[in-house]
Amino acid sequence: MSTAPPQRVRLFRRVAATLAAFALPIAGLVALAGPAEAAASATATYTKVSDWGTGFEGKWTVKNTGTTTISSWTVEWDYPADTRVTSAWDATVTNSGTHWTGKNVGWNGTLSPGATISFGFNGAGPGAPSFCKINGASCDGGTQPGDTPPSAPGTPTASNVTETSLTLNWSAATDDKGVKNYDVYRGGSKIATVTGTSYTNTGLTKGTTYGYTVTARDTIDQTGPSSGALSVTTPGGTTQPPDPGGKVKLGYFTEWGVYGRNYHVKNLVTSGSAAKITHINYAFGNVQNGKCTIGDSYADYDKAYTADQSVDGVADTWDQPLRGNFNQLRKLKKQYPNIKVLWSFGGWTWSGGFGQAAQNPTAFAQSCYDLVEDPRWADVFDGIDLDWEYPNACGLSCDTSGAASLKNMMQAMRAKFGANNLVTAAISADGSNGGKLDAADYAGASQYVDFYNVMTYDFFGAWAAQGPTAPHSPLTSYAGIPQDGFNSEAAITKLKGKGIAGSKLNLGIGFYGRGWTGVTQATPGGTATGPAPGTYEQGIEDYKVLKSSCPSTGTIAGTAYAKCGSNWWSYDTPATVAGKMAWTKQQGLRGAFFWEFSGDTSNGELANAIHTGLQ
């Protein structure tokens with residue numbers, strides 16, 4: 001889902017990243033006790049961020065509680081023999097048997113009085129940390145080690161289920177010192193903390209499936225293992241069945257890529273990507289005068305391909321009824337019949353027409369159906385994707401069609417395209433309070449779509465010419481992030497909080513980097529003098545170029561960054577994509593998508609990382 005004129009990639013999307021392969025049900029805080037260099041002027045607090053049954057995400061937060069600056073920190077703790085750390089970020093984590101140690105990395109060791117820093121990790125096993133120490137002293141500032149964490153509560157049950165609410169009940173957990181309260185999770189995100197063993201969840205959406213777990217917290221805020229999971233579907237509404245193919249692995253193919261980029265449908269085959277994807281979004285059709293229209297007729301269905309350029313090795317003839325990308329996609333589907341192709345309309349440059357289209361969504365849907373199902377290429381497409389940037393909010397232009405416009409449009413699309421065609425949408429990833437995701441009825445529209453592609457990239461870039469430098473696709477928040485809510489985790493959490501099931505959400509990956517020049521600071525947060533030079537546009541460059549011209553020098557929030565000379569770039573690598581795919585699975589998302597194929601290497605290493613990570 002990209003965006004822009006035939007040379008430009010989408011500007012302004014959202015994602016969030018904490019690194020490596022993790023993600024887990026947010027649970028509780030706990031200060032424990034353990035060993036390192038004596039310093040009673042610091043505390044360390046543990047949070048179990050999430051738990052997906054086969055693994056979990058943990059986080060330690062170190063705070064300088066003294067009056068002098070700390071120049072380094074070391075957190076130590078013990079795990080039971082059946083529990084271990086599998087990956088970590090923002091700290092060097094090692095172990096000796098069941099004893100684990102986390103030490104600061106170069107950029108985050110200094111803490112002024114009152115300051116905090118966090119590091120995270122993924123783990124496996126049911127145990128909780130114990131005997132924690134920060135720089136040799138007790139993590140809670142005292143001298144006593146933590147006690148035994150509570151047991152798992154009973155698997156919750158649901159009663160009084162209506163279209164918009166339900167009541168959860170569970171049996172109590174046990175603890176040697178007593179249970180203080182319970183954290184209730186929906187779809188991996190904490191929605192409430194209660195003292196009793198029941199909770200009523202309101203504001204739900206009819207015809208929607210929700211997943212719940214519960215975690216107990218003891219009197220020193222240790223959290224135990226999660227309860228078993230409960231899945232509940234509210235009555236009413238219409239829901240679309242999932243595709244039989246499992247996880248979505250979707251890539252955008254741009255019609256203008258056949259020009260300067262020299263990227264053609266055949267490249268999907270030669271790179272190996274065609275064998276590793278499930279869907280292609282063909283970008284873009286235009287939106288004009290309340291109708292869906294052709295974007296580039298020459299690239300779409302007129303360009304003649306020679307035998308060596310063609311998917312099947314057969315050259316186009318001057319008089320054949322269909323040529324161009326559409327014919328090449330037809331040939332691709334013949335070789336890879338499981339691939340679904342959707343025609344995507346709008347994008348950053350062509351979203352200005354959606355406001356007029358929203359005035360008569362039924363007529364707009366009819367025009368789109370007539371174009372997508374044109375007899376010349378009806379067999380090529382399996383549905384439609386709308387990339388409206390943004391409903392009732394501002395992108396390249398500002399839309400004022402109202403909060404209900406998106407729901408009304410998607411309802412009309414589903415009514416026209418029916419159950420046998422896919423209907424999808426690319427949507428904002430603005431997880432901030434009062435941001436783009438709060439401007440339109442994304443929850444109401446979700447009942448009519450097969451899935452949303454959440455544009456979790458382009459959060460930050462050199463449109464802020466002086467910086468601060470920041471990764472354009474952070475998976476999670478991090479200390480110093482320029483704007484709250486501009487990360488993947490915030491966007492997905494907000495959408496789930498609106499009642500949209502994770503099974504209707506795809507995480508977005510950018511096959512490109514965004515960068516600044518005039519930068520002296522290697523880590524994020526530095527100042528700049530403007531956008532870094534790029535092949536097609538300042539401030540943006542393909543991954544296939546950056547991997548060699550400016551290799552990664554660090555990671556933060558689940559994505560990579562690099563400094564080479566005075567240029568500073570952020571982009572995803574196969575390793576960070578693997579981490580994001582692990583998070584995608586933990587969150588129960590439908591899958592992932594990317595913008596766009598031509599940014600990948602000739603052997604499709606990023607597409608392969610998505611494929612491998614979602615298996």
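A: Start with secondary structure: helices (H or I, at least four residues) and strands (E, at least two) are DSSP runs, numbered from the N terminus. By that rule, Phe 131 falls in strand β9 (residues 130-134). This is a predicted model, in which local features need pLDDT of at least 70 and side-chain atom pairs count only at pLDDT 80 or more, while totals for chains, interfaces and linings use all residues. Residues are numbered from 1 along each chain as its sequence is written, and side-chain values use heavy atoms, with hydrogens and water left out.

Q: What is the phi of Phe 131?
A: Most residues other than glycine have a negative phi, and most peptide bonds are trans. Phe 131 has a positive phi, near 50°.

Q: Is Phe 131 buried, partly exposed or exposed?
A: Buried means under 20% relative accessible area, exposed over 50%, and partly exposed in between (1.4 Å probe, protein chains only). Phe 131 is partly exposed because its relative accessibility is 41%.

Q: Which residue has a positive phi of about 65°, and where is that residue found?
A: That residue is Asp 90, which is not a glycine. Asp 90 sits in the loop between β5 (84-89) and β6 (92-96). With a relative accessible area of 14%, Asp 90 is buried.

Q: Which residues does a cis peptide bond with omega of about -5° join?
A: Ala 283 and Phe 284 are joined by that bond. Phe 284 belongs to strand β19 (residues 279-288). A cis peptide bond also runs from Trp 595 to Glu 596, where omega is near -20°. Glu 596 is placed in the loop between β32 (591-595) and α12 (605-613).

Q: How many disulfides does the structure hold?
A: A disulfide is a covalent bond between the sulfur atoms of two cysteines. The working criterion is a pair of cysteine sulfur atoms within 2.5 Å. The structure holds four disulfides. If the bonded cysteines of the protein are numbered in sequence order, the pairing reads 1-2, 3-4, 5-6, 7-8.

Q: What is the handedness of the link between Cys 132 and Cys 139?
A: That link is left-handed, with -60° about the S-S bond. The S to S distance between Cys 132 and Cys 139 is 1.7 Å. Cys 132 is buried, at a relative accessible area of 0%, and Cys 139 is buried at 0% relative accessibility.

Q: Why is the disulfide of Cys 292 and Cys 368 called right-handed?
A: The torsion about its S-S bond is about 70°, so the disulfide of Cys 292 and Cys 368 is right-handed. This pair links distant parts of the chain, 76 residues apart: Cys 292 is in strand β20 (residues 291-293) and Cys 368 in helix α6 (residues 361-372). The sulfur atoms of Cys 292 and Cys 368 are 2.0 Å apart. Both Cys 292 and Cys 368 are buried.

Q: What is the accessibility of Cys 394 and of Cys 398?
A: Cys 394 is partly exposed, with a relative accessible area of 39%, whereas Cys 398 is exposed at 53%. Cys 394 and Cys 398 form a disulfide with their sulfur atoms 1.9 Å apart. The link of Cys 394 and Cys 398 is right-handed, with 110° about the S-S bond.

Q: How many aromatic pairs does the structure hold?
A: Rings of Phe, Tyr and Trp (its six-membered ring) pair if their centres lie within 6.5 Å; planes under 30 degrees apart count as stacked, over 60 as edge-to-face and the rest as tilted. The structure holds 39 aromatic pairs. One of them is the stacked pair of Tyr 46 and Phe 121, at 6.3 Å centre to centre with 25° between the planes. This pair links distant parts of the chain, with Tyr 46 in strand β2 (residues 42-51) and Phe 121 in strand β8 (residues 116-124), 75 residues apart. Tyr 46 is buried at 2% relative accessibility, and Phe 121 is buried at 0%.

Q: Why is the pair of Trp 77 and Tyr 79 edge-to-face?
A: The planes of Trp 77 and Tyr 79 stand at 90° and their ring centres are 6.2 Å apart, so the pair is edge-to-face. Trp 77 and Tyr 79 are both buried.

Q: Which lysine lies over the face of Phe 56?
A: A charge sits over a ring if NZ of Lys or CZ of Arg is within 6 Å of the ring centre and within 35 degrees of the ring normal. Lys 48 lies over the face of Phe 56, 5.6 Å from the ring centre. Lys 303 lies over the face of Tyr 305, at 5.1 Å from the ring centre.
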